[in-house]
Amino acid sequence: MEPNSITLINSHDLALVAPAIVLGVSALIVLLVDLFSMKLGRSVLPLLTLGGLGLALIVHVTTGYRGAEFEIAFDGCLRFDRMTYIAQIVILSLTLFLTLVSPLYLIRRRIPRGEYYVLIMFAALAMMVLSASNELLTLFINLELLSFCLYILTGIEQGNLRSTEAAFKYFTIGSYAAAFLLFGMTMVYGATGATHFDEIRVILASGSLGGALGGNSLFLAGGFALMLVGFGFKLTLAPFHMYAPDVYAGAPTPVAGLIATGSKVAAVTAFFAIFELMIAWGDLPAGVYYALYGVVVLSIIFGNLGALVQPNIKRLLAYSGVSHSGYFMIPLLAVMTSPELMDKAELAVTYYLLAYGVMTVLAFGVATTLGPEGERDIDRYAGLARRSPVLAAAMALALLSMTGVPITVGFVGKFRLFAVAVDAGLYPLAIFALLASVASAYYYLRVVVKMYMEEPPAEAEPIPLEGSNALALLAGVVCIFLFAVLPALVV
Amino acid sequence: MEHLIPYIAIGMILVFAAGFAVVNSLLGTLIGPTKDNPAKRLAYESGMVPTGEANVRIPIKFYMVGLLFLIFDIETIFLLAWAVVFKGNQIDFASGNVGFTQTQFQHYGFFAMAVFIGVLMLAEIYAWKKGGFEWS
C-alpha cells in the first residue's frame, strides 16, 4: 500500500460488511434476550435469529457488492467479487434454513437454545467474512472463529457421550489442521514478505520473491502444500476426511448440516482465493498439481466406497460430502493445466457451491425434521413415503440431485464442473468422475428404494410436520428445480 | 565429505558418553544386589506418603477462572498498545501522506475501542449471569 492511501474506516467499507455487522449485533441481542428473559423469552429466540439472518440477507442483496469485477475493503483485507457474493447469499440462506428446521429438534433433545442460536449466528458471521478474506491473517482468524463455534455446537448436547466424543475429535483434528494451515501461511509469508493476497500476487507474478527466506521457492511450494493439507481437513478431502463421519454422526443434526454445507461453502471460497495465488506463480512446481490430482481421485474413491457400506444416514452424507469435495476441486486442476479456463472454472465452482449447499442441506433438513429417527439407521427410513409423503419426497429429491439426475441442480452443477475438465483436455479425470458419479447412484437410490418400496416398521406412526419445517423444506425443493431450470439466476 | 571431518571427534564423544552411561547402568542392574523392602517403594524424603487411589475425580473449577482471566488479559493487552498510540503523536499529520486529522484519528480510536470493550463487557455480563464468578 502506498503511504498516501492511509485512511480510517469509511462508508464504502462499512457498506460491504454491513450484513456481517447486522449478524454480529443480532447475535449479541439474542445472547442478551436469552440471559435476561427467563422463561417467556425462549420462544422468541428463533424468531430473533430468523430476523437477524433475514435482515442480513436483505442488507447483503441491497447494499453489498454491486456487480463490479471486484471491490476491495479494509486496506485490501477483504475482497468482494461474484463468487464471494453468491457464496455469502448461499451461507445466509443455509443458516436461515437450518434455523427454520431447528426449534423442535432443540426442544426434543434439550439443547440450550440461547447458546445454540448465538453460536449459529456467529458461525454464519465467520463464514461470511471468511469467504471474503483477502489476507492471510483475516482468513485464519475467521476460520478459527468459525471452527470454535462449530466445536462448541458439536458438543452442545450435554450428557450425550457421542456428541461429546464428536466434539473432542473435531476439536483435536481441527487444531491439528489449523497448525498445518498456519505453518503453510508462515512459509508463504517468509518467502514473499507479504500477507495481503494482492501484494503476494504481484510479487509472485514478478518472479522475484522477497521476504526473510531470501526468495527460496522451496518454502513457497512447501507453504502452498501445507495450506492444501490444512484446507484438506476443513474440506474433508481424502486422505484428511477420516473424522467427518464420526463428527457428523455425533453432532446434533442441524449442526452437522451446517458443518457439511455452510463451512464447506466458505472454505471452498477461501481456498479458491489461495488457489488464485498459486496460479499467479509461474514456477508452481508440478508436484502441487499431482498432489491435488491425487487428492481429488482419492476423495472421489474413498467418498464413494465409504458411502456404499454406511448403515447410518448421517455417515452416508458425510462420505458423500467427501466425494463432492473432490468434484469441487476438478475445475482447479483444469485451470492448472490451461490457465485461460479461470473464468469458466470460477463460474462452475460458484454454481456448485449453491447446488451442493441446497441439496445437502435439504437432506440434513429432512433428517432433522425426522428427529431421533432420522439420525439412526437407514433402515428406519423404510416406508417413509407412507408415513410422511412430504419428507420422503424432499429426501428423495435431495438424493437424486446428489446423484446428478437431470432437471436438478446437482446435474447442472456436475455438468459444469466436468465440462471445465473436458475443455482442459483432462479426459481421464472427467470420465473417472462421471463413472464415480454413476456408481454413487447405488447408495443414494438405496435410501430412495427403502423409502418408497419397503413396508414401514409395524410400530411406526405417521409423522406430523411443523409449519416452519414445511416452509423450509418447500423452499429447498423449489431451489433444487429453480436453479436447475434457470441457472442464469446464479451465474 | 571433507567438511564433516572435524565432527568425527564430536561423534566419538557422543558414542563414548552414551556407551559409558549404558554400560554402567547395565552393570549396576546385573551385578548389584537387589533387596526390596517397603520403605524403598515410598516417595523419597520430601515426598508425601501416598494415600488412596489415583483414579479420583478432580474438580476443575479453576478452568473457569482461567477462562475469565483470558477475557481480561486480552483486554489489557489491547488497551496497552492502544493507549500508547492513542494520541497519534507518532504520526506526522502535516506531511500530506495521511488522509485524516489528529482529532479524527482520536475519535476513530476512541470509537473502535468502545466497540471492543462493549463486546467484551457483554461477555463479562454473560459469564456473571451464568454464575462464572461464583466459586462453589
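How many residues does helix α14 of chain A have, and how far does α14 of chain A reach from its first C-alpha to its last? This is a predicted model, and in it α14(A) covers residues 342–370, which makes 29 residues. The helix reaches 42 Å from end to end, close to the 42 Å expected at 1.5 Å a residue.

Have a look at the surroundings of this helix too. Of the 29 residues in α14(A), 24 are buried, so the helix is mostly covered.

## A helix pair in chain A

Now find helix α2 (residues 44–63) and helix α3 (residues 82–109) of chain A. Their axes are 10 Å apart, and the two helices pack at an angle of about 165°. An angle over 145 degrees counts as roughly antiparallel, and α2(A) and α3(A) are therefore described that way. Their crossing is left-handed.

Which residues of the two helices meet? On the α2(A) side they include Leu50(A), Leu53(A), Leu57(A) and His60(A). Among their partners in α3(A) are Ile89(A), Leu92(A), Leu96(A) and Pro103(A). Sorted by class, this contact has nine nonpolar residues, seven polar ones and no charged ones.

## A helix pair in chain B

Chain B has a pair to explore as well: α2 (residues 62–85) and α3 (residues 102–129). Here the axes come within 11 Å and cross at roughly 170°. That makes α2(B) roughly antiparallel to α3(B).

From α2(B), the contact is made by Leu68(B), Ile71(B), Glu75(B), Phe78(B) and Trp82(B). The residues on the α3(B) side include Met113(B), Phe116(B), Leu120(B) and Glu124(B). By class, the contact of α2(B) with α3(B) has nine nonpolar, one polar and two charged residues.

## Backbone details in the loops

Back in chain A, the loop between α8 (217–234) and α9 (243–250) holds Pro239(A). A cis peptide bond joins Ala238(A) to Pro239(A), with omega about 0°. Thr236(A) is also found in the loop between α8 and α9. Although Thr236(A) is not a glycine, its phi is positive, near 50°.

Ile407(A), in the loop between α16 (389–403) and α17 (409–423) of chain A, is a residue other than glycine with a positive phi near 50°.

Conventions: Residues numbered from 1 in each chain as written. Chains lettered and ligands numbered in written order. Predicted model: local features only at pLDDT ≥ 70, side-chain atom pairs only at ≥ 80, totals over all residues. Helix = DSSP H or I, 4+ residues; strand = E, 2+ residues; numbered from the N terminus. Expected span 1.5 Å × (residues − 1). Buried ≥ 20, exposed ≤ 12 C-beta atoms within 10 Å, placed from the backbone. Axes fitted to C-alpha atoms, helices over the stretch in contact; angles between N-to-C directions. Parallel < 35°, antiparallel > 145°, perpendicular 65-115°, else oblique. Left-handed = near helix turned anticlockwise from the far one by under 90°. Contact = placed C-beta atoms within 7 Å. Nonpolar A, V, L, I, M, F, W, Y, C, P; charged D, E, K, R; others polar.
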